Amino acid sequence: MSEEQAPPPVPLSEQLRARFPEAVIATHQQAGDDTAVVRRESLRAVAQHLRDEPELAFNVLMDLTAVDGLKLGAASRFEVVYHFYSLEQNRRLRLKVPVEEQDPTVDSLADLWPSANWFEREVWDMFGIRFRGHPSLKRLLMYEEFSGHPLRKDYPVNRRQPLIGPGN
Amino acid sequence: MEATAYETRDLLLNVGPAHPAMHGIIRILLQLDGETIKGADVEIGYLHRGFEKMCEQGGYNHAIPYTDRLNYVSPLINNVGYCLAIERLMGLTVPERGQYIRVIMSEISRITDHLTCVGASAMELGAFTVFLYMIKAREYLWELIEQVTGARLTISYCRVGGVKADLPEGFETRTRAVLAQVREVLVECDTLLTRNRIFVDRMKGTGTITQQDALGYGITGPFLRSTGANFDVRKQTPYLVYDRLTFEAPLGQHGDNLDRYFCRMEEMEQSMRIVEQCLAQLPGGSIQAEGVAGQAIAAADMVDAAKMGRIAEIAGTHPVTDPTLEGSNKPFHQRINAPEKRAVLPPKEDTYGNIEGLMSHFKLIMFGHGIRPPKGEVYQAVEGANGELGFYVVSDGTDKPYRVRVRPPCLPMMAALPLLLTGDMMADVVPTFGSVNMIGGELDR
């Protein structure tokens with residue numbers, strides 16, 4: 001971070017676009033983070049390629065989260081954000097998958113990277129995005145009786161929910 | 001005569017959340033066959049406080065006190081990670097002295113974190129003396145932190161663009177003395193634990209994970225390194241001044257509880273090595289700016305004088321501030337803060353002494369103004385005491401962060417806990433859970 005490194009000739013996101021011209025909608029390298037925006041339908045194919053291609057070898061799914069674009073003026077309501085890391089290549093890549101409000105569903109990556117299991121549960125919990133093929137998609141941080149998804153921008157920060165448990 | 005057929009069944013056992021070894025916030029549902037664990041289900045979320053939602057409600061600097069409460073055993077690393085993320089989004093660079101101070105404080109925090117983890121898990125195995133010794137060492141370090149930040153836990157020391165205040169006078173001498181004391185304690189604890197039959201028997205070969213599984217689960221930090229995978233954010237993607245420092249990231253072999261203990265013990269030594277190097281390399285020397293021109297004026301007097309418009313006498317003076325604010329006035333300000341009006345508050349002498357300073361202060365403080373990073377997103381990883389601590393920040397160009405996501409290092413480990421426990425004995429839950437070093441604040445956010 002301290003010194004500007006010479007950028008590689010072709011960013012990985014661009015290579016990915018060349019390999020999957022249909023799947024990759026956009027790319028950018030803001031603040032040095034290589035990012036590719038991927039169509040929802042192609043997520044698994046791209047992710048599998050990232051993991052299994054020996055030159056890429058993204059063996060760690062570092063982080064998986066979502067952003068609610070309600071107040072961002074984005075074309076689609078949600079974006080699921082994946083941060084991959086390759087230990088061999090010491091390289092990072094961010095994938096973003098736009099998700100519509102009407103059908104908030106994405107394919108699960110839990111069988112490719114076990115770390116996706118809990119991260120996807122958290123995204124379901126916080127944003128109400130479903131992951132197709134997830135082994136047990138239940139809330140992670142909130143309790144079962146909680147209604148709504150708190151990190152959505154239309155969930156008021158001060159909303160109270162009824163107390164649960166014996167005696168309430 | 002027929003032999004009596006006994007029916008055997010698996011036992012479902014709830015451990016926690018109200019169990020001392022579960023720190024009061026984790027529930028593990030164990031499926032037991034006798035004393036062997038056949039399956040486990042982990043439930044978290046008892047300490048969820050809506051950190052990410054709260055960060056969206058205020059300005060960029062308002063999130064800093066919340067970050068203190070993520071990993072509350074090494075809060076300074078959280079501060080550093082969050083500020084680095086915003087700084088990268090804005091394209092800011094902190095002056096070298098500020099960067100060195102951040103490294104020093106991060107490494108001191110790493111030691112306190114490891115001391116707590118090793119001490120607490122030793123206590124849970126019956127070695128109460130080790131716990132007390134290690135907490136004693138942690139106390140020395142926390143006193144050091146208190147002298148710099150003014151607080152022990154809720155430190156809120158970093159700012160976007162710098163740190164709150166410069167190091168206090170005599171910091172280097174005191175730090176060297178404290179490190180010597182900590183080393184003594186570590187030698188004592190090493191003697192008590194490393195060849196201790198009870199400790200080794202319970203740690204060795206329990207909570208084992210393979211390197212491939214650990215990577216698949218997204219495990220990082222000493223936990224991953226205990227399996228032999230060489231990944232340390234400080235080495236792989238250096239931030240601050242880590243690329244100028246010489247240190248090792250100790251690796252284990254077996255990925256069991258004992259190797260994690262060894263990794264943590266060695267990492268403390270390496271962190272002390274880093275602190276000593278930083279103290280030697282610290283630009284501007286170890287003590288505060290010498291030969292400050294002008295006379296000292298008490299902070300309260302300065303405010304009164306400024307209110308009455310007597311600013312002429314403020315120009316050539318520097319205020320004597322409260323001990324907790326020491327080192328934040330003008331002579332030190334530029335050494336530790338980026339010269340950036342968009343993010344850094346001016347020193348108090350300027351706020352009270354000239355209109356430019358006052359305006360620049362209000363532009364950052366007033367509602368609807370404040371720090372405004374350009375639109376965009378950034379993911380900044382730092383090496384937390386437990387592993388990769390990542391901050392993913394999305395900015396919409398306003399003064400409030402649009403989204404702050406924390407990648408908590410202990411969440412992947414907790415997700416892998418069923419894998420770690422299955423096949424072990426009931427009694428191994430405690431050392432394995434201890435070596436995970438679950439910190440509720442960052443796990444549940």
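In the predicted model, A:Asn90 sits in the loop that links β4 (78-86) to β5 (91-99) of chain A. The phi angle of A:Asn90 is positive, at about 50°, although the residue is not a glycine. Most residues other than glycine have a negative phi. A:Asn90 counts as exposed because it has 11 C-beta neighbours inside 10 Å, the cut-off for this class being 12 or fewer.

A positive phi also occurs in chain B, where B:Ser156, likewise a residue other than glycine, has a value near 40°. This serine lies in the loop between α5 (128-149) and β4 (158-159) of chain B. With 18 C-beta neighbours inside 10 Å, B:Ser156 is classed as partly exposed.

Chain A contains 3 helices and 7 strands, arranged from the N terminus as α-β-β-α-β-β-β-β-α-β. The C-alpha trace of chain A spans about 65 × 35 × 35 Å along its principal axes. Of the 168 residues in chain A, 40% are buried. Where contacts in chain A join residues at least 6 apart in sequence, 43% of them are between residues at least 24 apart.

The largest nonpolar core comprises 170 residues, and the most contacts inside it are made by A:Val80, A:Phe84, B:Val182 and B:Met414. The greatest contribution to this core comes from helix α4 (residues 96-124) of chain B, which supplies 11 residues. Because domain 1 (56-285 + 373-386 + 393-403) and domain 2 (296-365) of chain B both give residues to the core, it lies between them. Apart from neighbours within four places in sequence, B:Val182 is in contact with B:Ile111, B:Ala137, B:Tyr140, B:Leu141 and B:Met272.

Note on methods. Residues are numbered from 1 along each chain as its sequence is written. Chains are lettered from A and ligands numbered from 1 in the order in which they are written. This is a predicted model: local features need pLDDT of at least 70, side-chain atom pairs count only at pLDDT 80 or more; totals for chains, interfaces and linings use all residues. A nonpolar core is a set of buried Ala, Val, Leu, Ile, Met, Phe, Trp, Tyr and Cys residues joined through C-beta atoms within 7 Å. A residue is buried if 20 or more other C-beta atoms lie within 10 Å of its own, exposed if 12 or fewer, and partly exposed in between; C-beta atoms are placed from the backbone. Helices (H or I, at least four residues) and strands (E, at least two) are DSSP runs, numbered from the N terminus. Domain bounds come from an automatic or database domain assignment. Two residues are in contact if their C-beta atoms, placed from the backbone, lie within 7 Å.
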